[in-house]
Amino acid sequence: YTTDTKSREENKKTIESLHRLSVDIKKIRRLKEWVLLQDVAYVKEIAGILQEMGADEATVANILEHCPEAILHTPAEINSQRALWQLVCQNEKQLIKLIEQFPQSFFTTEYHENQKANILFFQELGLKNNIITRLLTSAPNIFYNPVEKNKNLIETLQRNYLNLGGSDANMKIWILKLLSQNPFILLNTSTVIHENLEFLQKNDFTDHEVLQLLSKLKGFIFQLTPTTMKKSMLFSQNVFKCSDQELKQLVLKCPALLYYSVPVLEERLEGLLKEGISVSQIRETPMVLELTTQIVQYRIKKLSAVGYDIKSGTLESLNGTKKDFEVNYGKIQSKKERPIFNPVAPINIED
């Protein structure tokens with residue numbers, strides 16, 4: 001579309017049609033004025049298709065304000081896109097909700113054939129539709145690639161899984177789990193995957209341990225680089241003053257030591273030390289570094305309120321998800337509330 005706006009005038013017909021739909025024209029002028037200058041626009045038609053899908057007036061106006069270029073697509077293009085997204089949506093109600101949240105993704109129709117081929121490929125692979133819609137909306141460029149690129153990446157993952165000692169029988173489950181936990185690994189290249197696995201092997205992680213890390217890191221390992229992993233490991237080694245072998249065990253226990261960058265690890269470590277926790281305590285329970293400083297402070301405060309001294313106790317009680325922590329906290333609380341004497345025991349006169 002042309003962006004030479006000075007020599008052109010706004011299309012009055014487009015303005016009138018948008019006005020009838022209660023669309024905020026000032027907003028479009030401010031953000032994407034070039035849309036209003038095009039000779040041809042399909043305002044009524046696109047609004048009609050959205051209404052057919054169940055969108056009310058406010059929803060239509062909202063979609064067109066956020067993605068005015070939608071009106072430059074032909075009704076045929078939008079209907080094809082609608083049919084395509086219906087392959088992974090439960091119903092049109094869900095589809096409209098997605099269009100309202102991610103209009104740019106829906107109204108990018110240039111790669112229609114690639115989008116279709118990729119959706120069908122992911123379905124054949126066994127990926128659930130809710131994961132495919134998550135990808136379609138949050139990382140649409142995965143679908144703009146030729147399907148061969150995504151197939152090659154999946155094949156690379158499968159090959160590496162088998163090379164690391166994974167079994168044929170478990171491979172499909174492993175791949176699907178990996179993609180469900182972190183579908184954004186599809187934004188990587190085969191080279192990145194190869195380099196990262198090679199880095200771990202060079203650092204004496206056995207094939208079995210590398211496989212273990214892949215599962216624990218939920219595919220996030222492929223978003224790292226050998227350089228960042230090396231820096232994080234070196235930082236941890238200096239902090240915990242441990243040998244290569246001990247460091248390896250710490251990383252297996254807490255893959256966050258590999259995943260988080262040095263500034264993040266530094267900030268979290270400082271936060272723990274400020275609370276009076278020792279380095280040896282952290283080394284004993286490194287998983288505590290998976291928590292943000294704010295979460296740690298909140299949990300320590302809560303435990304202190306029931307008389308639990310984190311400095312002399314174990315850090316295990318700080319660990320885990322919100323649910324895990326609440327369970328631990330409940331146990332500590334009920335222990336403190338129990339009577340410290342036996343009410344039916346005979347009374348000692350000296351007491």
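1. Arg-283 has a relative accessible area of 28% and is therefore partly exposed in this predicted model. Its salt-bridge partner is Glu-246, with 3.3 Å between the closest N and O atoms. The two lie in distant parts of the chain, 37 residues apart: Arg-283 in helix H19 (residues 279-284) and Glu-246 in helix H16 (residues 244-253). Glu-246 is also partly exposed, at 37% relative accessibility.

2. Salt bridges number 8 in the structure. One of them pairs Glu-65 with Lys-27, at 3.7 Å between the closest N and O atoms. This pair connects helix H4 (residues 57-66), which holds Glu-65, to helix H2 (residues 25-32), which holds Lys-27; the separation is 38 residues. Glu-65 is buried at 12% relative accessible area, whereas Lys-27, at 22%, counts as partly exposed.

3. Arg-82 and Glu-92 form a salt bridge through their side chains, 3.0 Å from N to O. Arg-82 is buried, with 12% relative accessible area, and Glu-92 is partly exposed, with 21%. Glu-52 joins Arg-82 and Glu-92 in a network of salt bridges.

4. Turning to the nonpolar residues, the largest core has 107 of them, and Leu-50 and Phe-107 have the most contacts inside it. Helix H12 (residues 168-181) supplies the largest share of this core, 6 residues.

5. Beyond its neighbours within four places in sequence, Phe-107 is in contact with several residues, including Ile-46, Leu-50, Ile-63 and Ile-99. Cys-67, Ala-70, His-73 and Ile-78 are also among its contacts.

Methods
Residues are numbered from 1 along each chain as its sequence is written. This is a predicted model: local features need pLDDT of at least 70, side-chain atom pairs count only at pLDDT 80 or more; totals for chains, interfaces and linings use all residues. Side-chain values use heavy atoms; hydrogens and water are left out. A nonpolar core is a set of buried Ala, Val, Leu, Ile, Met, Phe, Trp, Tyr and Cys residues joined through side-chain atoms within 4.5 Å. Buried means under 20% relative accessible area, exposed over 50%, partly exposed in between (1.4 Å probe, protein chains only). Helices (H or I, at least four residues) and strands (E, at least two) are DSSP runs, numbered from the N terminus. Contact means heavy atoms within 4.5 Å. A salt bridge is a side-chain nitrogen of Lys or Arg within 4 Å of a carboxyl oxygen of Asp or Glu.
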